[in-house]
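Work through the exercises below with the sequence and the coordinates open. Each task is followed by a solution in steps.

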Amino acid sequence: MKCPFCSNKDTKVIDSRPGKIEFEIRRRRECPDCSKRFTTFERFEQIPLIIVKKDNRREEFNREKIFIGIKKACEKRAVSIDRIEAIVDEIEQELRGIGKNEIPSETIGEKIMQTLKSLDDMAYVRFASVYREFKDVADYIQELKELLPENYQTPEFQEVLDRISSNNTDKRSN
């Protein structure tokens, strides 16, 4: 393994242990030239998952896309990077557990939304707004309404929501 600091091609493994997910090995390495340490991860290469997009395009599964999307949704929230990594690992394992080579992108989106809904309401709404392509404030309100407990959803509250929705519908038609 090449040292990322000095480019020496001969590094030494000083520790190996199982990674956070199945089929992963975490290795601590040390470079004999510069004495710096770094971590590498080895993963068993599995049959690639193909994601079928809404427009029927197909692309190879990319866990980094899921990580970036969840990280963006959780920005400035009390959700650690380790927790986000764990969520991505769980989703990837669930997808591979389905046993199909092709998976609709909707399946991934819904799994992410389900996980975020139980993790953090704000992260959930942020992700939902992009995933479900919210057009205006009425879409946000409708999603937020589903998160509210029943005792907050009074007839007066519903009237306000209806007014906001009708104002936004009028703006769209103009």
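Two strands count as paired if DSSP finds at least two bridges between them. The model is a predicted one.

**Exercise 1.** Find the bridge partner of Glu30 in β3, and describe how β2 and β3 are joined.

Solution. 
- Step 1. Strand β3 covers residues 37-43, and seven bridges join β2 to β3.
- Step 2. The two strands run antiparallel. Within this pairing, Glu30 has Arg37 as its partner in β3.

**Exercise 2.** Determine which residues of α1 are buried, and where they lie around the axis.

Solution. 
- Step 1. Taking buried as under 20% relative accessible area, the residues in α1 (residues 63-73) are Arg63, Ile66, Phe67, Ile70 and Ala73.
- Step 2. These residues lie on the same side of α1, because they cover an arc of only 130° around the axis.
- Step 3. Their packing partners are β3, α2 (81-97), α3 (105-119) and α4 (121-131).
- Step 4. At the N-terminal end, Asn62 caps α1, with a side-chain oxygen 2.9 Å from the backbone nitrogen of Glu64.

**Exercise 3.** Give the strand order of the open sheet of three strands.

Solution. 
- Step 1. The order is β5-β4-β6, with mixed pairing.
- Step 2. β5 (58-60) and β6 (102-104) are the edge strands, each pairing on one side only.
- Step 3. β4 (residues 50-52) pairs with β6 in the parallel sense over three bridges, and Val52 stands opposite Pro104 in β6.
- Step 4. α3 lies across β4 and β6, at about 60° to β6.

How values were computed: Residues are numbered from 1 along each chain as its sequence is written. This is a predicted model: local features need pLDDT of at least 70, side-chain atom pairs count only at pLDDT 80 or more; totals for chains, interfaces and linings use all residues. Side-chain values use heavy atoms; hydrogens and water are left out. Helices (H or I, at least four residues) and strands (E, at least two) are DSSP runs, numbered from the N terminus. Buried means under 20% relative accessible area, exposed over 50%, partly exposed in between (1.4 Å probe, protein chains only). The arc is that of the directions from the helix axis to the C-beta atoms. Contact means heavy atoms within 4.5 Å. A polar contact is a pair of N or O atoms within 3.5 Å; within protein, one must be able to donate a hydrogen and the other to accept it, and residues adjacent in sequence count only if both atoms are side-chain atoms. Axes are lines fitted to C-alpha atoms, for helices over the stretch in contact, and angles run from 0 to 180 degrees between N-to-C directions.
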